[in-house]
Amino acid sequence: MTFIVTMPKLSPTMETGTIAKWHKKEGDQVAAGDLLLEVSTDKATVEHNALDPGYLRKILVQEGQEAAVNQPIALFTEKVDEPVSVPEETAHPQTGAPKPSQEASAPAAATPPPPPVEVKGERLLISPLARKLAKEQGINTTQIKGTGPGGRIVSRDLAQKGEMKTQEIALTPMRKVISQRLQQAKSTIPHFYVEQTIQADALVDFREQLSHLGTKVSYNDCVVKASALALREHPQVNSGFNASNQTLIQFGSIDISVAVSLPEGLITPIVFQADKKELQQISTEVRTLAVKAKENKLEPREFQGGSFTISNLGMFGITRFSAIINAPQACILAVGGIIDTPIIKNGAIVPGKVMTLTLSCDHRVVDGVAGAKFLKTLQNLLENPAHLLVTHV
Amino acid sequence: MARSIFPVDRAHILQQLGKTDVLEALKKMLLIRNFEIRAEAAYLQGKIGGFFHSYIGQEAIQTAAVMAMGMNNWWITSYRCHALALLLGATPDSIMAEFFGRVTGNAKGRGGSMHLYTERLLGGFGIVGGQVPIAIGAAFSLKYQGIRDQAAICFLGDGAVPQGAFHESMNLAALWSLPCLTVIENNEWGMGTAVAKAVSVPRLAEDKAPGYGMEGFTLDGMDFLHCYGAFLTFSKNMQANSRPILVEALTQRFKGHSVSDPGLYRTKESVKEHMGRDPILLLKQELEQVGWLDEETFTALDTQARETALAALKFAEESPWPDLATLERDVFAPENL
Amino acid sequence: MTTQLIDMREALRQALNEEMERDANVFIMGEEVGEYNGAYKVTKGMLEKWGPKRVLDTPISELGFAGLGIGAAMTGLRPVVEFMSFNFSFVAADQIISNAAKMYYMSGNRFSVPIVFRGPNGAAAQVSSQHSHCVESMYGVLPGLIIVTPSNAYSAKGLLKSAIRSNNPVLFLESELSYGDKMEIPTEEYLVPIGQARVVRPGKNLTLVSHSHMINKCLKAAEELAKGGIEAEVIDLQTIRPLDIETVLTSIKKTNRAVLVEEGHYFSGIAAEVAFEIQEKAFDYLDAPVLRVCQRETPMPYSKVLEAETLPNVPRIVAACRSIA
């Protein structure tokens, strides 16, 4: 029978060895215990003796060559004259790898963390970090669903609200302009505000009648026309202030800047000589300008200038608001929505519709009485909308 | 000062034992020898991990002790414990499986080659000398329980003698008159340190025992019959007077301290010379001289021992590994509070 | 139920006598336990009662007699080995660590070690650096040892009885400074189970966890805190290993704050283990980090003022509690 001699593991850390010297040659008879070879390991050169008696028939790894631990290095036969047959083990040497246990066993894992103490209802499960972040961002923690262990709110759950990161973003050019102009206006112009609520029933009726006639105008168009007419009567309000020269500007024409909201901010295209234009024309122009504004196609001359600005948040149902003056103009009119409200008519409380107008004035140019008078004229025009159809040349 | 080898009438012992028993002793030694050789070969194939301390060359001592005194005592030794385990009833299969770390092993794969146990074998100990206080504790138990026909037998190497544990144990054993037989198996080397460079006196038992107030004797550890006769006498003495005894058994290990030890501290010639007094060879010659053994029978016995060892290898190879889910079980003994 | 007013050393003595009565295999061994009547008088009168077979005076030979005890425990007896103080256990450390702790597991469950090592642990009165060690975390780190730390006469007696009856090696850590503490305890036999902590003072604002001699300081600190409106719940661990973390967690559910006090050092101490388990298992119940008050990082100095400074004291405990209340 043939048996194999393999490279011995001569130290616990040995993985390969080099054959330093064979002390027997092919054909030799070897007794159990005879010195067979010397092996060089990383640590030393060590002698290795034959375990079993036999005849060395074939040296598989020569002097100076390296072999891995358990790699066959020589073939022996028990008898001198038997043929050498390589047993299967040379092709598939046993590695001694552990076979799986025959009993069912769970895979070795780290001891699973013990389940946390069960939390009863009243205590919010939130990590210290998430709690801190929620506080900083003003987020209501009771409305967040926690994805941590046991339903704990953790910091990533705040990120999903989309408000996780506080960032500093550079201003777009439009935003920069708005920011600069309005900061300047708000901080340098002495604003005061005059407010007037008007009865809007007639205006509502007026608009409806026009619509039945195939003419569609918006409430804002009416306000534009009415403002233009009122400015004709009160040219003091159609003015401005030149801050560098410290001079009062008396505008030569009534050019109404109409505030248009854009996704990135707002812009004020101008209806030039609005007092001389028919209501319908104003309506068409404003619509055209608005579309152009939203397509970023306004030319500078179309929004630079103007003598009076109108800003309208009525379409959002806003009751009233105050606007910041569009310098170098002296005034800006803020228009609220038409609201159903009880009004007093002939001494009785009846349901009515009202619209609140707020005029911001630059006190360097326009005094309270001038602003008040203007607003009363404007009120009269809007409460008697037939005026808006009268052509003025 | 030269040692005085304990006087034993070997011829008388031989006759007293008879052919069957002496052959039995030889069989045991052959089993130990073949088992250690095959296990060591498996270690060199990477199938056994950790440390492996072979008893090859020292077989006569423990074989004689167990045969002379009987299993029914408390036994304890160092990490060089494979032979004592075999002698005290651990099967070759279970020991080899323990070497291979399998669940069928002597200690369920939890101890390894340094920690083997049987009903009467308290271990297998890894810390040099750590077993000696345990041994006197076992002797204490016997005395406490009034058991007079048993003793504690402790084996240790020459390298353990300098340990404080040895000193404290010998003092306590003599002071409290504990029936402990302490056998120093002096194979002349504590790993790579010659005993003369480790112990300040030359005769480990004869010089040291009087210092503790106990008797000390020297044995020829390669001679089975001699050891057997000596252990018989010691056993009787201890049963009579319950005094501890310190013994130095002079022996040789034919291998290094453990498998990793290339043994460069001694010459090959000296090892070869020692192997000329191989205890198995000596007993074989003894038996041949009285006509109780021939070469053919010896070869048959040797082959049988080799077959047992190879079968143990196969058993170990095919045994299942411990179930990983049981890792943390049985760190503590069950309570009955 | 009738009671008796006794001090801890007498409570321990009663436990020893009762267990020796109950089981003939129980015996006592140690330096000066017999003729000297015990260095701290725990075993007073016991040599006279039981005789030298069961109460053994040893030479100064900790490694030897600790190992002897372990060998005896492996072979049918139930030794109670006294270390005059646990500082001397280091001489026997190899036997405790390599043999007692490992034997049952290492032998494949063949040999168990039903032994008790008992004695005073920790600081006494200015006994300096070699006589003041607190050993619970040093030995506590090893699987295979049971570590018990009674704080009063009641738990001392009940726990020592349980320790002697345990089939596993127990380190029973007493405190010299507590031996004279008196307490009313039952005259009838009772056991205190190993592995159970106890709430010794209920409270709803903060959980104060400690063991052994430090419990007294914690109770004083709790009184101080109560004056300021902070009700501390004081928990006595009673057993270090196995640790009864459930009792601690139940308290934290209620109070949401914890301060751990131990006589041992900060680094890698018992408080470190308990704090970790608290944050691991009751994270959602914490409103503040877990704090600890421990012995400072020096060998124990001799001078009275230095010793008092390095050990946990009531002001330090109170300050820690206030800082998170």
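Start where two chains meet: in this predicted model, 36 residues of chain C are in contact with 37 residues of chain B. On the chain C side, helix 3 (62–74), helix 4 (93–100), helix 5 (103–106) and helix 7 each supply at least two residues. Helix 3 of chain C gives the largest share, with 10 residues. Sorted by class, the side of chain C that touches chain B has 13 nonpolar, 19 polar and 4 charged residues.

Now look inside chain C. The chain is divided into domain 1 (3–186) and domain 2 (198–324), and the C-alpha centres of these two domains of chain C lie 26 Å apart. Where the domains touch, 23 residues of domain 1 of chain C are in contact with 21 residues of domain 2 of chain C. Helix 6 (136–140), strand 6 (146–148) and helix 7 (153–165) of chain C each supply at least two residues of the domain 1 side. That side of domain 1 of chain C has 10 nonpolar, 12 polar and 1 charged residues. Helix 7 of chain C turns up in both places: it supplies at least two residues to the side that touches chain B, and at least two to the side of domain 1 that touches domain 2.

Chain A is divided as well, into domain 1 (2–86) and domain 2 (173–389). Here the C-alpha centres of domain 1 of chain A and domain 2 of chain A lie 106 Å apart. As for confidence, the mean pLDDT of chain A is 88, and 89% of its residues reach 70 or more. Over residues 91–112 of chain A, though, the pLDDT is below 50, and this stretch has 17 contacts in the model beyond near neighbours in sequence.

Back to chain B, which holds an open sheet of 5 strands in the order 1-2-3-7-6, with parallel pairing. Which strands are at the edges? Strand 1 (74–76) and strand 6 (215–220) of chain B each pair on one side only. From one strand to the next, the twist averages 20°. Within this sheet, Ile184(B) has Glu248(B) in strand 7 of chain B as its bridge partner. Helix 5 (residues 131–144) of chain B lies across strand 1, strand 2 (152–157) and strand 3 of chain B, and runs at about 170° to strand 2 of chain B.

| Strand pair | Sense | Bridges |
|---|---|---|
| Strand 3 (residues 180–186) and strand 7 (residues 245–250) of chain B | parallel | 6 bridges |
| Strand 9 (residues 191–199) and strand 18 (residues 348–362) of chain A | antiparallel | 9 bridges |
| Strand 17 (residues 331–345) and strand 18 of chain A | antiparallel | 13 bridges |

Strand 18 of chain A is in two of these rows. In that strand, Leu357(A) is the bridge partner of Gln196(A), and Ala348(A) is the bridge partner of Lys345(A). The hairpin of strand 17 and strand 18 of chain A has 2 residues between the strands, and Asn346(A) takes a positive phi near 50° there.

One last stop is a pair of helices in chain B. The axes of helix 1 (residues 10–44) and helix 10 (residues 279–289) of chain B come within 10 Å and cross at roughly 150°, in a left-handed crossing. Among the residues that meet are Leu14(B), Val22(B) and Arg33(B) in helix 1 of chain B, and Ile280(B), Lys284(B) and Glu286(B) in helix 10 of chain B. By class, the residues of this contact divide into 10 nonpolar, no polar and 3 charged.

Methods:
Residues are numbered from 1 along each chain as its sequence is written. Chains are lettered from A and ligands numbered from 1 in the order in which they are written. This is a predicted model: local features need pLDDT of at least 70, side-chain atom pairs count only at pLDDT 80 or more; totals for chains, interfaces and linings use all residues. pLDDT is the predictor's confidence in each residue, from 0 to 100. Two residues are in contact if their C-beta atoms, placed from the backbone, lie within 7 Å. Two strands pair if DSSP finds at least two bridges between them. Helices (H or I, at least four residues) and strands (E, at least two) are DSSP runs, numbered from the N terminus. Axes are lines fitted to C-alpha atoms, for helices over the stretch in contact, and angles run from 0 to 180 degrees between N-to-C directions. Domain bounds come from an automatic or database domain assignment. Ala, Val, Leu, Ile, Met, Phe, Trp, Tyr, Cys and Pro count as nonpolar, Asp, Glu, Lys and Arg as charged, and the others, Gly among them, as polar. A crossing is left-handed if the near helix is turned anticlockwise from the far one by less than a right angle, and right-handed if clockwise.
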